[in-house]
Amino acid sequence: MKSTALKLAILSLVLIYSLAGAGTLASGTPQPSAASLLPEDPWISRPIEVAVNEYDKSNPAAAYNSQQNDYLVVWEQYIKAGETAIYASRVGANGKPKGTPFPIRHVSGKEFLHPDVVYQPSQDMFWIYYTYMEDSTNHNLMFSWLPGKGDEASYFVFSHDWPRNWYPALTYNKRAGELLVVYEKYLESFSRTIEADVLKLSPLERLAEIDIAGVFPEMRRFPDVVYNQVLDHYLAAYT
């Protein structure tokens, strides 16, 4: 007889309230100021379960939708050996999930890993970048776009001359209407560099590929990036 007991995997989040402003928490409790903050102050919400089922989840990322006043949480969801999908869930401003989780990219027998997400207000659009492990030697980068409302995601692959790229992170440049995507380029077992793509969004086009850091045999890993719209420049961080 097949056991009905399942090992539950839970993806959770918390709300962290501003330490500087006045306001009220969702429970009606006054929001603390930085000056009055004590360990017992309720400035961090209780964990909020976004997805609960038998599948393992990892590598979550989140973005805020300023048009709809909600969030999109994306993650890597293990299905079985050799099959991993990118899933998402919408979360209200109050921290409560809106609807059920849905797939961004899931293909039987394929692996999609390491998602990151940003929101583009001008088109009310989320952009989700992730690794597509086509086979053991080809790791390409794929991205999907998802409207601010709905759960129907489209996808596209920008191919690279080098077959092993992964761990993407991205940021949106509002001034130029562009995405900067940084990622790890695998050279050998103990050598990686950090590269970047500049993507124009309308029309969709890759404008440039940039060498950020590292040369053989250096090891540069796990990049992240943010855009400063005041100074119109990017900051990329990596190990």
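1. Two strands are said to pair here if DSSP finds at least two bridges between them, and the strands themselves (E, at least two residues), like helices (H or I, at least four), are DSSP runs numbered from the N terminus. With that in mind, W145 stands opposite S154 in β10. As for the source, this is a predicted model, in which local features need pLDDT of at least 70 and side-chain atom pairs count only at pLDDT 80 or more, while totals for chains, interfaces and linings use all residues. Residues are numbered from 1 along each chain as its sequence is written, and side-chain values use heavy atoms, with hydrogens and water left out.

2. On confidence, the protein chain has an average pLDDT (the predictor's confidence in each residue, from 0 to 100) of 83, and 79% of the residues score at least 70. Strand β7 (residues 111-120) has the highest confidence, with a mean of 96, whereas strand β1 (residues 9-13) has the lowest, at 59. The pLDDT falls below 50 over residues 1-8, a stretch that has 5 contacts in the model beyond near neighbours in sequence, contact meaning heavy atoms within 4.5 Å. Residues 21-39 also have a pLDDT below 50, and this stretch makes 26 contacts beyond near neighbours in sequence.

3. Strand β9 (residues 139-147) deserves a paragraph of its own. Of its 9 residues, 7 are buried, where buried means under 20% relative accessible area, exposed means over 50%, and partly exposed lies in between (1.4 Å probe, protein chains only). Strand β8 (residues 125-133) pairs with β9 in the antiparallel sense over 9 bridges, and M125 has P147 in β9 as its bridge partner. The two strands form a hairpin with 5 residues between them. β9 is also joined by 4 bridges to strand β10 (residues 154-157), again in an antiparallel arrangement. That hairpin of β9 and β10 has 6 residues between the strands, and within it G150 takes a positive phi near 100°.

4. Which residues have the most contacts inside the largest nonpolar core? They are L72, I104, V117, F126 and I128, in a core of 17 residues; a nonpolar core is a set of buried Ala, Val, Leu, Ile, Met, Phe, Trp, Tyr and Cys residues joined through side-chain atoms within 4.5 Å. At least two residues of this core come from each of β3 (57-65), β4 (70-80), β5 (83-92), β6 (97-105), β7, β8 and β9, and β8 supplies the largest share, 4 residues. Leaving out residues up to four places away in sequence, L72 touches a set of residues including A61, R90, F102, V117, F126, I128 and L146. A second, separate core has 14 residues, among them V118, Y129, V181 and L199.

5. Strand β13 (residues 191-201) pairs with β14 over 8 bridges in the antiparallel sense, and A196 has I210 in β14 as its bridge partner.

6. E83, which lies in strand β5, counts as buried because its relative accessibility is 5%. The C-alpha atoms of E83 and G109 are separated by 4.9 Å although these residues are 26 residues apart along the chain, and a polar atom of the E83 side chain lies 3.1 Å from the backbone nitrogen of G109. Apart from neighbours within four places in sequence, the residues in contact with E83 include Y78, H106, G109 and E111.

7. V225, found in strand β15 (residues 224-228), is likewise counted as buried because its relative accessibility is 8%. Its contacts, not counting residues up to four places away in sequence, include A169, L170, V182, Y234 and L235.

8. Several backbone features in the loops could be checked by eye. A cis peptide bond, with omega about -5°, joins S202 and P203, and P203 lies in the loop between β13 and β14. The bond from F216 to P217 is cis as well, with omega near 5°, and P217 is found in the loop between β14 and β15. D232, placed in the loop between β15 and β16 (233-237), has a positive phi near 55° and counts as partly exposed because its relative accessibility is 38%.

Technical notes
A polar contact is a pair of N or O atoms within 3.5 Å; within protein, one must be able to donate a hydrogen and the other to accept it, and residues adjacent in sequence count only if both atoms are side-chain atoms.
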